[in-house]
Amino acid sequence: GPCTECSCSSGKETEKDTSNTKKKENGDRSFIPKIFFGTRTHKQITQITRELKRTAYSSVPMTILSSRDYTCIHPVVSTSGSNRNEMCVELLEGKNGKSCLYYHGVHKLSEHHALKSAHRMYQAWDIEDLVSLGKKLRACAYFAARELMVGADIVFCPYNYLLDPQIRESMEINLKGQVVILDEAHNIEDSARESVSFSVTESQLKAAREELDSMVNSNIRQKDHEPLRAVCCSLI
């Protein structure tokens, strides 16, 4: 006979089943959450992906989010000691009449992974694997990893990619309804503190004070700039 001891026999549950059936009939797909796996360092991501490769889930679509310091393959930008992010943006915007050849080849990497997945040859990989493949295909590993996030079931990244709202926004990470795993979570407090903190040098403060001096002396928005100059002076 029908089950009367649990909620499955109630009318509400029947209505839910009916609505779910309608969704399936209409071709709507149920929402499947991604797993965001946060680690303290990039090195730990390499260790975790190596372990993933040894499991039955090694063929699950994945990606690794990391900075340009680890994934940029542009011969000039990657070897530069200055800010790689700024140099990358300048190339993408074509400020000096130059563009990034590797950025325009991003699709080569994503298509390569799609092809391997279709032939059931997909295996877990780490940042070094992606960078090596990027150099071989002349395709940007940094932006390819971001593109692969769309179809990935597991996304590996450092803590700050999940904790810092500015990084989440720039990387287009939406954690609502997703699964978040934090490795060595006792380090979260320090990481959270770092994500809302920043450091400035004495020379930077002096340079800021000089600029504010010129603004005040030129009568440019004195009411706004005088308090800022006072803060710089007090810190110095």
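**The largest pocket and its surroundings**

Guide: Three helices, α8 (159-163), α9 (165-170) and α10 (188-195), each contribute at least two residues to the lining of the largest pocket. The model in view is a predicted one. The pocket has a volume of about 330 Å³. Its lining is made up of 14 residues, and those nearest the centre are Asn160, Ile167, Ser191, Glu194 and Ser195.

Among the elements around this pocket, α10 gives the largest share of the lining, namely 4 residues. Ile188, Ser191 and Ser195 are its buried residues. When α10 is viewed down its axis, these buried residues fall within an arc of 65°, so they line one face of the helix. An α-helix has 3.6 residues a turn, so residues three or four places apart point the same way. The cover over the buried residues of α10 includes α8 and the strand β4 (179-182). On the other side of α10, Glu189 and Glu194 are exposed. Glu194 is also one of the residues nearest the centre of the pocket, as are the buried residues Ser191 and Ser195.

Rolling a probe the size of a water molecule over the atoms shows where empty space is left. There is 1 cavity of 30 Å³ or more, and the volume of the largest cavity is about 110 Å³. Its lining comprises 14 residues, with Cys72, His74, Cys88, Cys100 and Cys140 nearest its centre. Both α4 and α7 supply at least two residues of that lining, and the largest share, 3 residues, comes from α4.

Helix α4 spans residues 84-93, and Arg84, Cys88 and Leu91 are buried within it. Seen down the axis of α4, the buried residues fall within an arc of 65°, so they line one face of this helix. Among the elements that cover them are α3 (68-71) and α7 (141-148). The face turned away from the buried side carries Glu86 and Glu93, which are exposed. At the N-terminal end, Asn83 caps α4, with a side-chain oxygen 2.9 Å from the backbone nitrogen of Asn85. Just after the helix, Gly94 adopts a positive phi of about 65°.

His74, one of the residues nearest the centre of the cavity, is located in the loop between α3 and α4. Its relative accessibility is 13%, and because residues under 20% are classed as buried, His74 is counted among them. The side chain of His74 reaches the backbone nitrogen of Val77 at 3.3 Å. Beyond its neighbours within four places in sequence, His74 is in contact with Thr79, Leu91, Cys100 and Tyr102.

The protein chain contains 12 helices and 4 strands, and 31% of its 236 residues count as buried.

How values were computed. Residues numbered from 1 in each chain as written. Predicted model: local features only at pLDDT ≥ 70, side-chain atom pairs only at ≥ 80, totals over all residues. Heavy atoms only, no water. Buried < 20%, exposed > 50% of the residue type's maximum accessible area, 1.4 Å probe, protein only. Arc of directions from axis to C-beta. Contact = heavy atoms within 4.5 Å. Polar contact = N/O pair within 3.5 Å; in protein donor to acceptor, adjacent residues only side chain to side chain. 1 Å grid on protein atoms, 1.4 Å probe; cavity = no way out; pocket = protein on both sides within 12 Å on 5 of 7 lines; lining within 4 Å. Points joined across faces, edges and corners; volume = space filled by probe spheres on them.
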